[in-house]
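Me: I have a model open on my screen and would like to learn how to read it. Could you take me through a few features?

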Amino acid sequence: MATFEDYCVITQEDLEDIKDSISSQDLPSAITTIKEYLKKQDLVELNIGVTGESGSGKSTFVNAFRGLGDEEEGSAKTGPVETTMVPEVYLHPKYKNVKVWDLPGIGTPNFKADEYLKLVQFKRYDFFIIIASDRFRECHTQLATEIMKMGKKFYFVRSKIDFCITAEKRKKNFDQKKTLEIIRENCVNGLRKIGIEDPVVFLISGWELGKYDLNVLQERMEKELPQHKRRVLMLALPNITLEINEKKKKALEENIGKVAFLSACVAAIPLPGLSIAADIAIIAGELRKYYSAFGLDDPSLQRLCERSGKTVEELKSLMKSPLHQGINPSSILTLLGAASLLISEDAIELLVSFIPIIGTLVAGGLSYLTVSRMLKRALNDIADDARNVLMASLETEV
C-alpha cells in the first residue's frame with residue numbers, strides 16, 4: 001500500500017500530528033486549534049541563569065549565547081570587576097521569550113548558596129550555567145548541591161579556553177586535543193575532591209563559542225529540557241556549528257504540516273496561473289522565520305561580516321535559494337508552481353482519505369500538498385545556504 005513517504009511530500013507522522021490536533025472538528029474549529037497551537041509555541045519562555053565568580057566570563061557568555069559581541073547594542077556589561085549586583089535579564093534579540101539572566105557573582109567571603117538562590121529567585125530558571133575561568137571552588141559546588149536539592153539542572157562550564165590554548169601554543173610539542181583533555185581532567189578531579197560525584201565539565205570560549213564543547217553542551221541541555229522547550233532552545237542558539245544548523249532545520253520542519261494546513265484553509269485565494277488556493281502571507285511569514293533562525297537576515301549577516309572579515313556580497317554570493325533575493329509574492333508563486341507539478345492524484349486521494357476535512361475545500365488536497373512540498377524544499381535550500389555561509393565564515397576566522 002502506498003504511503004505519503006512514497007510521494008516525498010509529507011511524512012505520515014506530520015499527518016498523524018495534524019489529525020490528532022484537529023480530531024473530528026469542523027473546518028473553522030480546526031483552523032482555530034492550529035492557529036492557537038502555533039501562537040502558544042511562540043510564547044513558550046526559556047529562562048537561563050548564568051552564574052560564577054566575578055571576572056569569570058559570565059557576561060561574555062550571556063552575550064555570545066544570544067549571538068552578540070561584548071560591545072553591541074543590548075549586550076551585557078563585561079569587565080574584570082563584578083558589574084552585576086542584582087539579577088539582570090537580557091532578552092534574545094530575535095526571540096523575546098528567551099531570557100538569559102546575568103546573576104550576581106558568587107565566591108564572596110560570606111557566600112551562602114541557599115540565601116543566594118533565594119535572592120536570585122531560583123524558581124524562574126529552567127537551568128543554570130555555573131562558570132569558572134580557572135578551577136572550580138567550594139562556592140561552585142555549594143551552589144550546585146543546593147540547585148540539585150531544588151530539583152533544577154545545572155551545567156559546569158570552564159570558560160576562557162581560548163586563553164589556555166593560546167598560552168599552550170607557545171610550547172614546542174603543543175597538542176590541542178591533549179591540552180583540552182588535561183584541562184577537563186583537572187576540572188573534573190577538582191570537583192570530585194570538593195564533593196561532586198561524576199561531574200561533567202564543558203570547555204567553552206565566550207569569544208569563540210562555536211569551538212570546543214558547545215555541541216556537547218547544547219545536546220545535553222536539549223535532552224534535559226521538557227519537550228516543548230527544546231524547539232525554543234534550538235531556534236535561539238546562534239547558528240555557529242554544523243550540528244546546530246542541522247538541528248534548527250529539524251525544529252523548523254516540525255511545523256510545515258500545520259502551516260500548510262493554515263495556508264490552504266484560511267482565507268485561501270486562487271493563485272493566478274495555478275490550480276491551487278493558498279494564503280501567501282502565511283507562507284511568507286514562515287519563510288522569514290527560516291531566514292531569521294539561520295542568521296541569514298541582513299542584521300545577522302552584517303554581524304557575521306564584522307567578525308569574519310567577509311563582505312555581505314561575498315556571503316550572499318554563496319546562497320543558492322531562489323528566495324535570497326527577496327521573499328515576495330512573485331518568488332513564492334514561482335516556487336509553488338514548481339511544487340504543484342510534482343503532486344500526483346494518488347497523493348491527493350490518500351491525503352483526503354486520511355484528513356477528510358481538507359477534501360471539503362476546492363483543490364484543498366492539492367493546495368495543502370503543494371504548500372507542504374514548497375516549504376520543505378525552501379527550508380532545505382535555506383539550510384544549505386546557511387551551511388555554506390557558516391563554512392565560509394569559519395575559514396576566515398583566525
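Reply: Happy to; we will go through the domains and then a pair of helices. This is a predicted model, where local features need pLDDT of at least 70, side-chain atom pairs count only at pLDDT 80 or more, and totals for chains, interfaces and linings use all residues. Residues are numbered from 1 along each chain as its sequence is written, and side-chain values use heavy atoms, leaving out hydrogens and water.

Me: Which domains does the domain assignment give?

Reply: Domain bounds come from an automatic or database domain assignment. Here that assignment gives domain 1 (12-41 + 239-395) and domain 2 (46-236). Their C-alpha centres lie 35 Å apart. The contact (heavy atoms within 4.5 Å) takes 17 residues from domain 1 and 17 residues from domain 2.

Me: How many salt bridges does the rule find across the interface of domain 1 and domain 2?

Reply: A salt bridge is a side-chain nitrogen of Lys or Arg within 4 Å of a carboxyl oxygen of Asp or Glu. Across this interface the rule finds 2 salt bridges. Look also at Glu 222 and Lys 247, whose side chains meet in a salt bridge at 2.7 Å, N to O.

Me: At what angle do helix α12 and helix α15 pack?

Reply: Axes are lines fitted to C-alpha atoms, for helices over the stretch in contact, and angles run from 0 to 180 degrees between N-to-C directions. Helices (H or I, at least four residues) are DSSP runs, numbered from the N terminus. Helix α12 (residues 280-293) and helix α15 (residues 329-340) pack at about 95 degrees, with axes 11 Å apart.

Me: Which residues in α12 meet α15?

Reply: Ile 280, Ile 283, Ala 284 and Leu 287 in α12 meet Pro 329, Ile 332, Leu 333 and Leu 336 in α15.

How values were computed: Helix = DSSP H or I, 4+ residues; strand = E, 2+ residues; numbered from the N terminus.
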